[in-house]
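Here's a friendly walk through one model, one piece at a time. Keep the 3D view open as you read.

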Amino acid sequence: LGEMAEPVEYKLGQAAYNQGSSTQRWGDYSLTSVDPTDDTIWTMQEFARNGNIWGNSIAQFDFVPDCSSNITRYCDPSTLGTQIDVDTCSLGASAIIFTYSGGTPGQFGYLLVGSGSGVISNPPGASGDLCLGGSAIGRYTADVGVIDAGGFLTTDVINGNTGGGSGQLPGTIGGSLTAGSTWNWQYWARHAGVPSTFSDAISVTFTN
């Protein structure tokens, strides 16, 4: 409440539009309405087409629920400043994106998941704390990625390759993400000056 999302440009014009006569009217067909079946929003707007004419474009928008109350952040990664975030807790979203920030550009990393929390300080070959626990720790190694120039790496756990898509968890854990389930997440990555390191960790409870 009280916040606006970033603007979204969903349809670009194709050319300039110059109103040359009263027959070239603009704005007759503009409508935005809530869909009564699922509360998504439909909007129909005009855009400039080639040939100094206009066309209509229809888009559907969905509001992703804020899940800040479903997230607990823990396990400070000390001085490296690395961090993990997730964009939504809703399993009804088309994607659930985890983001690693503060990494070393050009290095690689992948997402980790565990059913519980725990701290193993400086495990062999790494600098920092591994903060996941449980009977097994899952590794999204099929979704390993290169950290971009801004220090970011992202993983889509709904459509990822590790578990086979549809929110499937890594094979060491098995099963899939379900509404009401809580999982703990952390990134492992190569980092300048040390063999590898970890982000901080978050606990996420998922919703429908």
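## An exposed valine and its patch

Let's start with Val-146, which counts as exposed because its relative accessibility is 57%. (Buried means under 20% relative accessible area, exposed means over 50%, and partly exposed is in between, with a 1.4 Å probe and protein chains only.) Val-146 sits in strand E9, residues 145–146. Strands here are DSSP runs of at least two residues, labelled E, and helices are runs of at least four, labelled H or I; the numbering starts at the N terminus.

## What you're looking at

This is a predicted model, where local features need pLDDT of at least 70 and side-chain atom pairs count only at pLDDT 80 or more, while totals for chains, interfaces and linings use all residues. Residues are numbered from 1 along each chain as its sequence is written, and side-chain values use heavy atoms, with hydrogens and water left out.

Why is E11 called largely enclosed by the rest of the structure? Because eight of its 10 residues are buried. E11 covers residues 182–191, and His-191 belongs to it. His-191 counts as buried because its relative accessibility is 13%. Its side chain makes a polar contact with the side chain of Thr-104, at 3.2 Å. (A polar contact is a pair of N or O atoms within 3.5 Å; within protein, one must be able to donate a hydrogen and the other to accept it, and residues adjacent in sequence count only if both atoms are side-chain atoms.)

Strands of a sheet pair through backbone hydrogen bonds, either parallel or antiparallel. Two strands are said to pair here if DSSP finds at least two bridges between them. E7 and E11 run antiparallel and are joined by six bridges; in that pairing, Tyr-110 has Trp-188 of E11 as its bridge partner. E11 also pairs with strand E12 (residues 194–205), again antiparallel, over eight bridges. There, Trp-188 stands opposite Phe-198 in E12. The hairpin of E11 and E12 has two residues between the strands, and Gly-193 takes a positive phi near 90° in it.

## A salt-bridge network

How many salt bridges does the structure hold? Two. A salt bridge means a side-chain nitrogen of Lys or Arg within 4 Å of a carboxyl oxygen of Asp or Glu. Asp-85 forms one with Arg-73, and the closest N and O atoms are 2.5 Å apart. That pair links distant parts of the chain: Asp-85 is in strand E5 (residues 83–86) and Arg-73 in strand E4 (residues 71–74), 12 residues apart.

Arg-73 also meets Asp-200 in a salt bridge, at 2.7 Å from N to O. This pair links distant parts of the chain too, with Arg-73 in E4 and Asp-200 in E12, 127 residues apart. So Arg-73, Asp-85 and Asp-200 are linked in a network of salt bridges. Asp-200 counts as buried, at 6% relative accessibility. Asp-85 is partly exposed at 30%, and Arg-73 is partly exposed at 38%.

(Axes are lines fitted to C-alpha atoms, for helices over the stretch in contact, and angles run from 0 to 180 degrees between N-to-C directions.) Four bridges join E1 to E2 (residues 41–49), and Val-34 stands opposite Ile-41 in E2.

Another open sheet of three strands has the order E5-E6-E10, also antiparallel. E5 and E10 (153–156) are the edge strands, each pairing on one side only. E6 and E10 are joined by four bridges, and Tyr-100 stands opposite Leu-153 in E10.
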